[in-house]
Amino acid sequence: MSCEVKNTKLKAWVNEVAELTQPDSIYWCDGSKAEYDRLMSKMAASGATTPLKKRPNSFLFRSDPSDVARVENRTYISYPDKEDAGPTNNWVAPDELKKTMSALYTGCMHGRTMYVIPFSMAAITSPMAKIGIEITDSPYVVCNMHIMTRVGSKVIEALGTDGEFIPCLHSVGAPLAPGQKDVPWPCAPIESKYISHFPDENLIWSYGSGYGGNALLGKKCLALRIASAMARREGWMAEHMLILRLISPEGKQYHIAAAFPSACGKTNLAMILPTIEGWKAECLGDDIAWMKIGPDGRLYATNPESGFFGVAPGTSYKSNPMAMDTIRENTIFTNCALTDDGDIWWEMIDDPAPEHMIDWKGRDWSPEIKEPAAHPNARFTVPAAQCPVISPDWEKPEGVPIDIFIFGGRRAGVVPLVTEAYNWDHGVFMGATAGSETTAANIGAVGNLRRDPFAMTPFCGYNMGDYFAHWFEMGDKLGKNAPRIFYVNWFRKTAEGKWLWPGFGENSRVLKWMCDRLEGKVSGVATPIGILPKEQELDLTGLEISNEYLHELLRVDVEAWRAEVPGIDKFFAQFGNRLPARLQKQLEDMANRLA
Ligand code: SAT
Ligand code: MN
């Protein structure tokens, strides 16, 4: 570390953790390229990673087969009162959870280096920035944090002697006995994994997993779960949303923030290449938006991250050309397949599977093998700055003013292509009832509807009923400056299972209609579920789509919507007296409009 650590609390916390976890050595990260290169070389030498011949400065990691994704059933939101965590979160009382985890942490870093990572979520110059310190025993985590957050000595300088930080403690939970050889991906068995949050103390404790959001604690743990609780206390918003800028042929900018559950194309929309003439888009973020009311009364959004941690399978030049161009170099790949010429491969990438590869488990793979070569949750970690359509304003300290919120999900039927909310309260209702049909990637029967309010179910750091109330409060504060709210469904199918809408870049046609609504250029049609486009209001120039399909995409199936009401009512009931009356009223209003 090139600067001296003067922060008393930080020094004390690092000492305390070192005493508990007993690492062989302590290393303070400076965030430099030299540090990254050194750690990668060491991991390549030990066999923990494979440098990729085909992609400059890029590496492939294979995780332990038991450690491949976020573990929602081992994720805890710990308040003294269970009610404060609410019905959608796992809960254990703080004292008990700390006792269990302290036992696990005791001596857990034997034989390993303890890395101290000072990081900032959001550009350090931003008034929205929050400082975290992650302590970890995983060099893989250090390198990923270099990409996903702003790591370095500047953070230590900003902390000064008494600055506030969010302590994020992480261990893979695999101490080494003297002389014991390490494995490529150390981790602990599932029953001793814990991803714990103590929102009252702004504290994160994670144990046993080295993968993604379980281990890169700036992301879901800090920027969503802890931040959502802070945001509620402090009057701002931390949301699971992409941020994009749409530019009209006249050069007018519209800023959009959109929330979708996983496997609904969030990263694709974040990097959209509009197919309609003259319209352009820029990406500002693909996963998280922090939003605060600015001096002019509008809502300003910042992406707290500095990289993308994207799902690899399904990413291709067809689905997301800008992501493909982003990951040509300086990328960490995890659980992708390795080709014989030293490149990565995954299912539904552009090229067909080669005759031979090494699969994500490190085994020989050939097309006869029925298992996928890449894990379905294989990932790429890449600097956002490498995205060809990254907005020049993506690191603007004050963020960008949001004009439009979009919610959505994957529904084969019932939900039309696009619907505008009548007003803020109705929009909150749309967000609160957002749902998606389960795909092969989810547990449970394929095609089951799962409600995922605001796509925040796994990420809300407090009672979801109170979270709904916070949305109403924000709307009251924003008043006439509130963004307009829309709901989309790109995933409608015919009875025969054919897609009704082409999706991807063609979704720009729907975004344009939203902008036209803001400009008062189109009136839409009022229906029981909200405002829909008139068929002629969608710009379909150059798109081949039958009238029959278009009609179906914009039809409100009143019977099917009536059938939704009891399910929503039941879903709301679990929040008991924490459910805002305004939300229940929205359901009643919709039911009455449908009657
Ligand atoms: O592993 S992460 O939580 O970072 C990614 C995701 O599940 O969305
Ligand atoms: Mn996400």
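The report that follows takes up the basis of the values, then the cavities, then the cores.

## Basis

This is a predicted model, in which local features need pLDDT of at least 70 and side-chain atom pairs count only at pLDDT 80 or more, while totals for chains, interfaces and linings use all residues. Residues are numbered from 1 along each chain as its sequence is written, and side-chain values use heavy atoms, with hydrogens and water left out.

## Cavities

A search of the whole structure gives two cavities of 30 Å³ or more, a cavity being a set of points, on a 1 Å grid over the protein atoms alone, where a 1.4 Å probe fits but cannot get out, with lining residues having an atom within 4 Å of a point. The largest cavity has a volume of about 190 Å³, and among its 16 lining residues V415, M430, T433, Y487 and W561 are the closest to its centre.

The second largest cavity has a volume of about 50 Å³, and its lining is made up of I243, L284, A301, T302, N303, D393, W394, K396, G399 and V400.

## Nonpolar cores

A nonpolar core is a set of buried Ala, Val, Leu, Ile, Met, Phe, Trp, Tyr and Cys residues joined through side-chain atoms within 4.5 Å, where buried means under 20% relative accessible area with a 1.4 Å probe and protein chains only. The largest nonpolar core has 172 residues, of which W290, W346, F405, W471 and M514 touch the most other members.

Leaving aside neighbours within four places in sequence, M514 is in contact (heavy atoms within 4.5 Å) with I404, I406, V418, F486 and V488.

Key:
Chains lettered and ligands numbered in written order. 1 Å grid on protein atoms, 1.4 Å probe; cavity = no way out; pocket = protein on both sides within 12 Å on 5 of 7 lines; lining within 4 Å. Points joined across faces, edges and corners; volume = space filled by probe spheres on them. Buried < 20%, exposed > 50% of the residue type's maximum accessible area, 1.4 Å probe, protein only.
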